[in-house]
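Please look through the structure shown below, with its chains side by side.

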2 protein chains.
Amino acid sequence: MRRVKATVAYDGTGYAGYQFQPNMRTVQSVIDKALVKLHKDSSIYSVASGRTDAGVHAWGQVIHFDTPLELPLDRWQMALNVLLPKDVRIVKTELVDDDFHARYSATGKTYMFKWTSSEVQSPFERNYSVHLGKWRPDIDRMREAAKYIIGTHDFTSFCSSKTATENKVRTVRELTIERHGEELIMTVEGDGFLYNMVRTIAGMLFAVGIGWNEPCDMKEILEAKDRKKAGKTAPAHGLYLMNVTY
Amino acid sequence: MRRVKATVAYDGTGYAGYQFQPNMRTVQSVIDKALVKLHKDSSIYSVASGRTDAGVHAWGQVIHFDTPLELPLDRWQMALNVLLPKDVRIVKTELVDDDFHARYSATGKTYMFKWTSSEVQSPFERNYSVHLGKWRPDIDRMREAAKYIIGTHDFTSFCSSKTATENKVRTVRELTIERHGEELIMTVEGDGFLYNMVRTIAGMLFAVGIGWNEPCDMKEILEAKDRKKAGKTAPAHGLYLMNVTY
């Protein structure tokens, strides 16, 4: 058996999230279906770096799978892409050691969150960024708020109350806000993220940007360790999993 | 009654084309449904500059409609956009004279056709540009071929054999090919276009670009006045109606 690592890009619009759910169209289920078809073996399956919610996109999700097939490395990509729907694409494949694990070997992840400030939302962007409507968040206030998030904290206030993970301490290594024309882009890199954590951070930075909160509120909210202190989770369709590091 | 001119952008992916068809989701039917709802009057309807095929997009389709409503001009856009699905957006509205007609007053149209040459097609581009796969068309050959198209010609060879219009003489005023990173963009402006004409031109320029045809073949094909002489029509999802002039 050989272990293959694959980088996957997907448009999350048509999916009920990444993870397999019975009777639902999920990214994992279409990938595993392609693997089963290619191998003519229903026991083949993939393991991902983590799940993403319904509507969340990816440029750089990472998976691994074990295969008895002796396919040349450069053939894997095309062999899988012809079996996959066009909204899921294998963008890279590598052979890795048996001890590589897409989830447990991950040392960091980068997410992007995208808002757009066009007067009318482009019909082509409706599933790919959050329209700011009349709001024009102050980027300096957002950057000020971001400083409180960077570092190692207990992120209980910034994750879904449904989070099963006990240890809620995570390290955010980088958190930047940039404006590119009508796009407002938040990029966040850290050792790992709790359920809904990136979308809660995006929602809070937006709230600070439009004046609903003060930058220094972030400190208080973190210390409270209470999800009810942080505001609304930002919508899923603005979020992209960009990269997983190992 | 007042006549309103509206500029409409739409993602054609989810539509069976622009024009109304019974029991089909068309752009015209969702626009007219919004107008009927806003007016509480089932006799209100819109007239467009022309139809577009299933899967074809628009940034600048133009429509007009007559209305008894005394809505301030700046309210039309939002009033209609709240009633429209998010893949159809009114981007501009103007009051026009009674003799303005979206179709008959048009003096020119601009279309764009988009190909992309990324190694793997981005899942986000699958409905918005034609993937070149292994092909790398020669842009100089395409530009050479374009010279034969520019001008006033009988475009019988470049329109669908189903075209009902008798007069097939049209003037192409501008036809440019540009490369922007991985995108290859054809832009064509003229006094009007026959059914499938832009997609047939795009298909022929591609054929010349990859060496299936010579640039000078365009002259022969035009002169033949026979649709069978021109090659494949390029796919609908690469095409955008950009602008209509009056």
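Is F124(A) buried or exposed? With a relative accessible area of 9%, F124(A) is buried, where buried means under 20% relative accessible area, exposed over 50%, and partly exposed in between, computed with a 1.4 Å probe on protein chains only.

The model is a predicted one, in which local features need pLDDT of at least 70 and side-chain atom pairs count only at pLDDT 80 or more, while totals for chains, interfaces and linings use all residues. Residues are numbered from 1 along each chain as its sequence is written, chains are lettered from A and ligands numbered from 1 in the order in which they are written, and side-chain values use heavy atoms, with hydrogens and water left out.

The next topic is the relation between the two chains. Chain A is superposed on chain B by a rotation of 180° with 0.0 Å of shift along its axis, at an RMSD of 0.0 Å, the superposition being done by least squares on the C-alpha atoms of residues with pLDDT of at least 70 in both copies. That is the relation of a two-fold axis. Of the residues of chain A, it is F124(A) that comes closest to this rotation axis, with its C-alpha at 4.9 Å. Because 100% of the interface residues of chain A are also interface residues in chain B, the copies meet through the same surface.

Aromatic residues also cross between the chains. Over all chains, a search of the whole structure finds 24 aromatic pairs; rings of Phe, Tyr and Trp (its six-membered ring) pair if their centres lie within 6.5 Å, and planes under 30 degrees apart count as stacked, over 60 as edge-to-face and the rest as tilted. W59(A) and F124(B) form a tilted pair, 4.9 Å centre to centre with 50° between the planes. This pair runs from W59(A) in strand β3 of chain A to F124(B) in the loop between β5 (108–116) and β6 (130–131) of chain B, strands being DSSP runs of E with at least two residues and helices runs of H or I with at least four, numbered from the N terminus. W59(A) is partly exposed, at a relative accessible area of 37%, whereas F124(B) is buried, at 8%. F124(A) and Y128(B) form an edge-to-face pair, 5.6 Å centre to centre with 85° between the planes, and this pair also crosses between chains, each residue lying in the loop between β5 and β6 of its own chain. Y128(B) is buried as well, with a relative accessible area of 6%.

The feature "active site" is placed by UniProt at D53(A), in the loop between β2 (47–48) and β3 (57–67) of chain A. D53(A) counts as buried because its relative accessibility is 18%, and, leaving aside neighbours within four places in sequence, D53(A) is in contact (heavy atoms within 4.5 Å) with G17(A), Y195(A), N196(A) and R199(A). The annotation "binding site" in UniProt covers Y111(A), a residue of strand β5 of chain A that counts as buried at 8% relative accessibility. Among the residues that Y111(A) touches, not counting those up to four places away in sequence, are F193(A), L239(A) and Y240(A).

Technical notes. UniProt positions are given in the numbering used here, feature names are shortened, and annotations may be inferred rather than shown by experiment.
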